[in-house]
Amino acid sequence: MSLHGTYDPQNVFAQIIRGEAPCYKLYEDDDVLAFLDIFPQSYGHTLVIPKRSAARNILDIDPDALAKVMAVVQRLARVLVEELEPAGVQVAQFNGSPAGQTVFHIHMHIVPRFEGEALGIHASKKADPAELEALQARLLKRL
Ligand code: 5GP
């Protein structure tokens, strides 16, 4: 999929927004949804998405919707840092397949980074559901 194209309402994040696919939800309001990545690049890898924007990438999204997403990114980055105490935290966003995008509903990655771990763009291993559930419960206590 390229940088340009039509929004596909069947993409997995649109399904999660509609409640048709499950997620380990951390935060939701009228405009923004945040949940754990099921192929995490690190412990605590979180995704933040706009709920009302049929936007594939940063070129498409309305600036006000983007601002709402970023406010939640900051809030969750703080929570992840407080709870998991990583050595760093990465905020990333990809546009188009050549840039690493695989799901074509705009999303921000928040990736806690721990000393000694490789900096990957994509993880190949699906997380253990029990571990994601435990992590979700741990983070929800701070939200
Ligand atoms: P992208 O490469 O498009 O920037 O990132 C897409 C992200 O979505 C990847 O980190 C991938 O692991 C994650 N992902 C793909 N499918 C699902 C899913 O069904 N649920 C969740 N929670 N994450 C997903």
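Reader: Which residues line the largest cavity?

Author: Start with the general idea. Rolling a probe the size of a water molecule over the atoms shows where empty space is left. Now the case here, in a predicted model. The lining of the largest cavity is made of Leu36, Asp37, Pro40, Ser42, Tyr43, Gly44, His45, Glu131, Leu132 and Leu135.

Reader: How many cavities of 30 Å³ or more are there?

Author: The count is 1. The largest cavity has a volume of about 40 Å³.

Reader: Which helix gives the largest share of the lining of the largest cavity?

Author: Helix H3, residues 129-140. Its share is 3 residues. Sort the lining by class as well: 5 residues are nonpolar, 3 are polar and 2 are charged.

Reader: Now the pockets. How much space lies in the largest pocket?

Author: About 460 Å³. A total of 24 residues line the largest pocket. Nearest its centre lie Phe13, Asp37, Ile38, Phe39 and Leu47.

Reader: Which element gives the most to the lining of the largest pocket?

Author: H1 does, with 3 residues. Both H1 and E2 supply at least two residues each. By class, the pocket lining has 15 nonpolar residues, 8 polar ones and 1 charged.

Reader: Where does the ligand sit?

Author: In the largest pocket. Look next at its shell. The ligand is surrounded by 17 residues, and the closest are Asp37, Thr102, His107, His109 and His122.

Reader: Which elements each supply at least two residues of that shell?

Author: Helix H1 (12-17) and strand E2 (32-36). The shell divides into 9 nonpolar residues, 7 polar and 1 charged.

Reader: How much of the ligand does the protein bury?

Author: Think of the ligand alone, then with the protein around it. Alone, the ligand exposes 520 Å². The protein buries 89% of that.

Reader: One more residue. Where is the place of asparagine 95?

Author: Find the strands on either side. Asparagine 95 is in the loop between strand E4 (88-92) and strand E5 (108-113).

Reader: What does the side chain of asparagine 95 reach at 2.9 Å?

Author: The backbone nitrogen of isoleucine 58. The asparagine 95 side chain also makes a polar contact with the side chain of glutamine 93, at 2.7 Å.

Definitions and conventions
Residues are numbered from 1 along each chain as its sequence is written. This is a predicted model: local features need pLDDT of at least 70, side-chain atom pairs count only at pLDDT 80 or more; totals for chains, interfaces and linings use all residues. Side-chain values use heavy atoms; hydrogens and water are left out. A residue is near a molecule or strand if one of its heavy atoms lies within 4 Å of it. Accessible areas come from the Shrake-Rupley method with a 1.4 Å probe; for residues, only the protein chains shown count as cover. On a 1 Å grid over the protein atoms alone, a cavity is a set of points where a 1.4 Å probe fits but cannot get out, and a pocket is an open set with protein on both sides within 12 Å along at least five of seven lines; lining residues have an atom within 4 Å of a point. A molecule sits in a cavity or pocket if more than half of its atoms lie within 2 Å of its grid points. Helices (H or I, at least four residues) and strands (E, at least two) are DSSP runs, numbered from the N terminus. Ala, Val, Leu, Ile, Met, Phe, Trp, Tyr, Cys and Pro count as nonpolar, Asp, Glu, Lys and Arg as charged, and the others, Gly among them, as polar. Grid points are joined across faces, edges and corners, and a volume is the space filled by probe spheres set on the points. A polar contact is a pair of N or O atoms within 3.5 Å; within protein, one must be able to donate a hydrogen and the other to accept it, and residues adjacent in sequence count only if both atoms are side-chain atoms.
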